[in-house]
Amino acid sequence: MDKVRLQREAAFIRSSLLDQGYLDEQFIQLEELQDNDNPNFVEEVVTLFYTDSARLIYNIDQALLSNPTDFTKLDDYMHQFKGSCSSIGAKKVKNECNGFGEYCEAQNYDGCFRTFQQIKQEYINLKKKLETYFQPSYDHIYAYYLISPYDLMR
Amino acid sequence: MTSRNLSTQLRALVVDDNMINRKIHQKMLNGLGVECMGVANGKEAVDVHGYGQSFDLILMDKDMPIMNGIEATKKLRSMGICSMIVGVSSRSMDVEIREFMEAGLNDYHEKPLTTAKLASIIHHIINTK
């Protein structure tokens, strides 16, 4: 594999993620913390995020199934989840969380439920894109760009 | 910014129930030459002081289980702890910030913290030592 080319493509994917609003300045802050002692610091933090936030997503799902709905609990879980999103620079996911907070305050169950499905979708979208970024391979690059191998080699 | 190879001889305690924030803030502080320890709630922060540990800087999250940042800050001040305590939170309502400050904070910052913000805090501690 052409390592330099893959690194260039990974850098392009990163720029795209920032330009398209999936990530923000906080992600750059994390990258600047990487050094020879912790060359995979960002990947470690992102992995920790997806491991830890799975618990919060489960809690929110369960809270949405409870009857009556405890909007205070929902708001607390979402506050924790939003905080984690903010810490890794997950801008789009974090922004979707703002809408959820407003519906919680209004005790609007349908709004909360609908918004949470969007949050989960953005969360999964970001995960796939970050997987591509951290482990670039020709297969990932083809999948990301929806192009054929021949186009990339031009 | 302090060189990563230069120790400031300072010690910091990161108090946050979110392990991602603990990891990031500890890494930022290590990069600034500060030795760090992390705990997951206010009670653990109080306990480590009770065991005789001391710190130049305490980064105190506001919303934590078991003992929150406001309660922990009040308790530490009542124990005579004079360390610089900097409150951090993602909540930004004035009344909440005021309540946190009145508990005994030296400063407050909204999350997420940046290396630049932490560098400014560290330089203040070094200059007033």
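Student: What separates A:Arg55 and A:Asp52 along helix H3 (residues 41-65) of chain A?

Tutor: This is a predicted model, in which local features need pLDDT of at least 70, side-chain atom pairs count only at pLDDT 80 or more, and totals for chains, interfaces and linings use all residues; side-chain values use heavy atoms, leaving out hydrogens and water. Residues are numbered from 1 along each chain as its sequence is written, while chains are lettered from A and ligands numbered from 1 in the order in which they are written. Helices (H or I, at least four residues) and strands (E, at least two) are DSSP runs, numbered from the N terminus. Because A:Arg55 and A:Asp52 are three residues apart in H3, their separation is about one helical turn.

Student: At what N to O distance do the side chains of A:Arg55 and A:Asp52 meet?

Tutor: Side chains of opposite charge can pair when their charged atoms come close. The criterion for a salt bridge is a side-chain nitrogen of Lys or Arg within 4 Å of a carboxyl oxygen of Asp or Glu. A:Arg55 and A:Asp52 form such a bridge, with an N to O distance of 3.1 Å.

Student: How many residues apart are A:Asp61 and A:Lys120?

Tutor: A salt bridge of 3.0 Å, N to O, joins the side chains of A:Asp61 and A:Lys120. The pair links distant parts of the chain, with A:Asp61 in helix H3 and A:Lys120 in helix H6 (residues 109-134) of chain A. Their separation in residues is 59.

Student: Which residues form one network with B:Asp61?

Tutor: The side chains of B:Asp61 and B:Lys111 form a salt bridge (3.1 Å, N to O), and both residues are buried. Salt bridges that share partners join B:Asp61 into one network with B:Asp16 and B:Lys111.

Student: Within what arc do the buried residues of helix H1 of chain A fall?

Tutor: Among the buried residues of H1(A) are A:Leu6, A:Ile13 and A:Leu17, whereas A:Val4, A:Gln7, A:Arg8 and A:Asp19 on the other side are exposed. The arc is that of the directions from the helix axis to the C-beta atoms. Seen down the axis, the buried residues line one face of the helix because they fall within an arc of 120°.

How values were computed
Buried < 20%, exposed > 50% of the residue type's maximum accessible area, 1.4 Å probe, protein only.
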